[in-house]
Amino acid sequence: MTEMHYLTSAVYETLRLFPPVQFDSKFALNDDVLPDGTIVRKGDRVTYHPYAMGRMESIWGPDRLEFRPERWLNDDGLFVPRSPYEYPVFQGGSRVCLGKEMAIVEMKTVILAVIRRFNVRVADPGHEPRFSPGLTATVSGGLRMVVEEVVKR
Ligand code: HEM
């Protein structure tokens, strides 16, 4: 599965546009200054926003709203990860998600198990899924799918 670079890219691209943890906050233990000069006082709440960052033109370019797994591939078709400070879907630094690699493997395993047996498509392609705000993401009103068993000839 580690050699399935397009599949890995599709998972990362999905999480870029629809990060399960949309935003996350920390509280400053002491006065501090961020690298860009922003002053943070003891007790201030500092929030980073993976959902917003996943859609920023300055990070992803003018096609930032398009689902394009190819953006993660180099010229040899190999997956190239981005800095967690551009893509903080799993947080970064010393508090990075401990289950990140396991989560990616789980998602790839489920995707492979499903697409081997079923053709899956959204029932209403014109309908833009709407994120529900919350600690972890859900799609408002759900997302209707059509699932058809693959018929082997
Ligand atoms: C798509 C799936 C997942 C996403 C998007 C995700 C995202 C995150 C994020 C953003 C944090 C930082 C939270 C914070 O600092 O406030 C985090 C922490 C953590 N995650 Fe995940 N996670 C995922 C799956 C998992 C899985 C499957 C496990 C365990 C098997 C796991 C275990 C942890 C643990 C233990 C931490 C705390 C790390 C620390 O603070 O030192 N995560 N995760």
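The largest nonpolar core of the predicted model consists of six residues, namely Ala 10, Val 11, Leu 15, Tyr 87, Val 89 and Phe 90. One of these core members, Val 11, is also in contact with Ile 104, Met 107 and Lys 108 when neighbours within four places in sequence are left aside. With regard to confidence, the average pLDDT of the chain is 94, and 100% of the residues reach a score of at least 70. For the complex, the predictor reports a pTM of 0.92 together with an ipTM of 0.94.

The residues surrounding the ligand are Pro 20, Val 21, Asp 24, Val 89, Phe 90, Gln 91, Arg 95, Cys 97, Leu 98, Gly 99, Met 102 and Ala 103.

Between Arg 95 and Asp 63, the C-alpha to C-alpha distance is 30 Å, at a sequence separation of 32 residues.

The loop between α3 and α4 also contains Gly 92. For Gly 92 the count is 15 other C-beta atoms within 10 Å, and the residue is therefore partly exposed; this class lies between the exposed limit of 12 or fewer and the buried limit of 20 or more. Apart from neighbours within four places in sequence, the contacts of Gly 92 are with Pro 84 and Tyr 85. The C-alpha atom of Gly 92 is separated by 35 Å from that of Phe 118, a residue 26 positions away along the chain.

Strand β5 spans residues 118-122, and because the number of buried residues among its five is zero, the strand lies largely in the open. Strand β5 pairs with strand β8 (residues 145-149) in the antiparallel sense, and five bridges connect the two. Within this pairing, Val 120 has Val 147 of β8 as its bridge partner.

Methods
Residues are numbered from 1 along each chain as its sequence is written. This is a predicted model: local features need pLDDT of at least 70, side-chain atom pairs count only at pLDDT 80 or more; totals for chains, interfaces and linings use all residues. A residue is near a molecule or strand if its C-beta atom, placed from the backbone, lies within 6 Å of it. Helices (H or I, at least four residues) and strands (E, at least two) are DSSP runs, numbered from the N terminus. Two strands pair if DSSP finds at least two bridges between them. A nonpolar core is a set of buried Ala, Val, Leu, Ile, Met, Phe, Trp, Tyr and Cys residues joined through C-beta atoms within 7 Å. Two residues are in contact if their C-beta atoms, placed from the backbone, lie within 7 Å. pLDDT is the predictor's confidence in each residue, from 0 to 100.
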